[in-house]
Amino acid sequence: LDQREHTIFLLAKTIFDLKEYMRCWHFLCNAQSPKSRFLKYYALYLAGEKRKEEETLELAGGDGVDRTVQNGKLEEIYKDLQYLHTHGSMDAFLLYLYGLVLKGRDMKDEARQAFCASVRAMPCLWASWAELTALYNNVKDIPNEQLPDHWAKQFFYGMVFAELNRWEESLQCYTQLSAIFPQSNNLKSRVAVAHYDLKEYDESAVEFEEVLECDPYQLEYV
């Protein structure tokens with residue numbers, strides 16, 4: 001970022017943190033860097049999501065009719081991001097956002113490709129992994145060759161197996177990761193949950209006790 005765009009970015013980020021999304025988008029209307037573009041379009045996306053929630057509440061009735069409301073900003077964002085994607089002007093964060101937009105337009109195959117490209121560009125961008133987890137209902141459908149050779153992929157498979165209630169495979173993934181991150185309370189908690197769902201209650205209790213010893217006020221998974 002040059003000095004001027006950096007200053008505008010800091011202002012826009014402050015406005016974004018206040019959840020004034022359209023105002024943030026306005027200040028970044030001439031953004032050129034991937035970082036500023038991401039904030040610009042993500043603010044517009046969230047503005048659309050906020051308005052969608054408002055419209056859903058406004059249209060809610062007691063007649064049992066399903067009134068599906070779409071994010072009204074998707075088409076505008078899609079048009080601009082499609083152009084950037086065609087010209088190879090996307091970083092991992094823009095690819096993540098592009099995936100969200102494609103998913104919102106029910107273009108799930110294209111969304112999967114965008115999220116895969118995102119994690120290849122930045123393997124530790126967990127938001128993209130999480131979206132991939134939600135988009136695959138069958139492990140056999142996951143394009144393993146399109147995913148980076150990185151420990152985050154092992155975490156991803158652990159999550160997928162857990163979502164499918166395949167706890168033995170999930171536990172295997174998390175156990176392997178524990179050798180890399182032996183002090184991770186998050187992993188210990190996931191291992192404990194896997195043991196619990198496998199009805200291995202003694203092993204689960206041991207893991208949970210270790211977690212609570214390090215972090216006695218943790219509520220997640222406990």
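A helix here is a DSSP run of H or I with at least four residues, numbered from the N terminus. Being 4 residues apart in H3, Glu55 and Arg51 are separated by about one helical turn. The model I am reading is predicted.

**Entry 1: the Arg51 group**

I started with the pair just named. The side chains of Glu55 and Arg51 meet in a salt bridge, at 3.3 Å from N to O. Next I looked up Glu54. Its side chain also meets Arg51 in a salt bridge, at 3.1 Å from N to O. Glu54 and Arg51 both sit in helix H3, 3 residues apart, again about one turn. An α-helix has 3.6 residues a turn, so residues three or four places apart point the same way.

Which residues make up the network here? Salt bridges link Arg51, Glu54, Glu55 and Glu58.

I then checked accessibility. Arg51 counts as partly exposed because its relative accessibility is 37%. Glu54 is partly exposed at 33%. Glu55 is partly exposed too, with a relative accessible area of 26%.

**Entry 2: a pair in H1**

Asp17 has a relative accessible area of 48%, so I log it as partly exposed. Lys13 is at 33%, so it is partly exposed as well. For the total, I noted 11 salt bridges in the structure.

**Entry 3: a lysine without a salt bridge**

Lys153 lies in helix H8. What is the nearest side chain of opposite charge to Lys153? I found Asp149, 4.9 Å away. Lys153 is buried yet has no salt bridge. The cut-off for a salt bridge is 4 Å from nitrogen to carboxyl oxygen.

I looked for another polar partner. A polar contact of 3.3 Å joins the side chains of Lys153 and Asn144. Leaving aside neighbours within four places in sequence, Lys153 is in contact with Trp129, Asn144, Leu147 and Pro148.

I also checked Glu163, which lies in H8. Is Glu163 buried or exposed? Glu163 counts as exposed because its relative accessibility is 57%.

**Entry 4: the nonpolar cores**

The largest nonpolar core has 52 residues. Leu81, Leu132 and Leu147 touch the most other members. I listed the elements that give two or more residues to this core: helices H1 (3-17), H2 (21-27), H3 (34-59), H4 (74-86), H5 (92-104), H6 (108-121), H7 (126-135) and H8. Which helix gives the largest share? H5 does, with 9 residues.

I went back to Leu132 for its contacts. Leaving aside neighbours within four places in sequence, Leu132 is in contact with Arg112, Phe115, Cys116, Val119, Leu147 and Phe156.

**Entry 5: helix H10**

H10 covers residues 185-197, which is 13 residues. From first C-alpha to last it reaches 18 Å, close to the 18 Å expected at 1.5 Å a residue.

How many residues of H10 are buried? I noted 10 of the 13, so H10 is largely enclosed by the rest of the structure. The buried set includes Asn185, Lys188, Arg190 and His195, and also Leu187, Val191 and Ala192. What covers the buried residues includes helix H8 (151-163), helix H9 (167-180) and helix H11 (201-214).

Just after H10, I noted that Lys199 takes a positive phi of about 65 degrees.

**Entry 6: the whole chain**

I closed with the overall numbers. The secondary structure comes to 11 helices and 0 strands. Along its principal axes, the C-alpha trace spans about 55 × 55 × 40 Å. The protein has 222 residues, of which 43% count as buried. Of the contacts between residues at least 6 apart in sequence, 47% join residues at least 24 apart.

How values were computed
Residues numbered from 1 in each chain as written. Predicted model: local features only at pLDDT ≥ 70, side-chain atom pairs only at ≥ 80, totals over all residues. Heavy atoms only, no water. Expected span 1.5 Å × (residues − 1). Buried < 20%, exposed > 50% of the residue type's maximum accessible area, 1.4 Å probe, protein only. Contact = heavy atoms within 4.5 Å. Core = buried A, V, L, I, M, F, W, Y, C linked by side-chain atoms within 4.5 Å. Lys, Arg positive; Asp, Glu negative; His and termini not counted. Polar contact = N/O pair within 3.5 Å; in protein donor to acceptor, adjacent residues only side chain to side chain.
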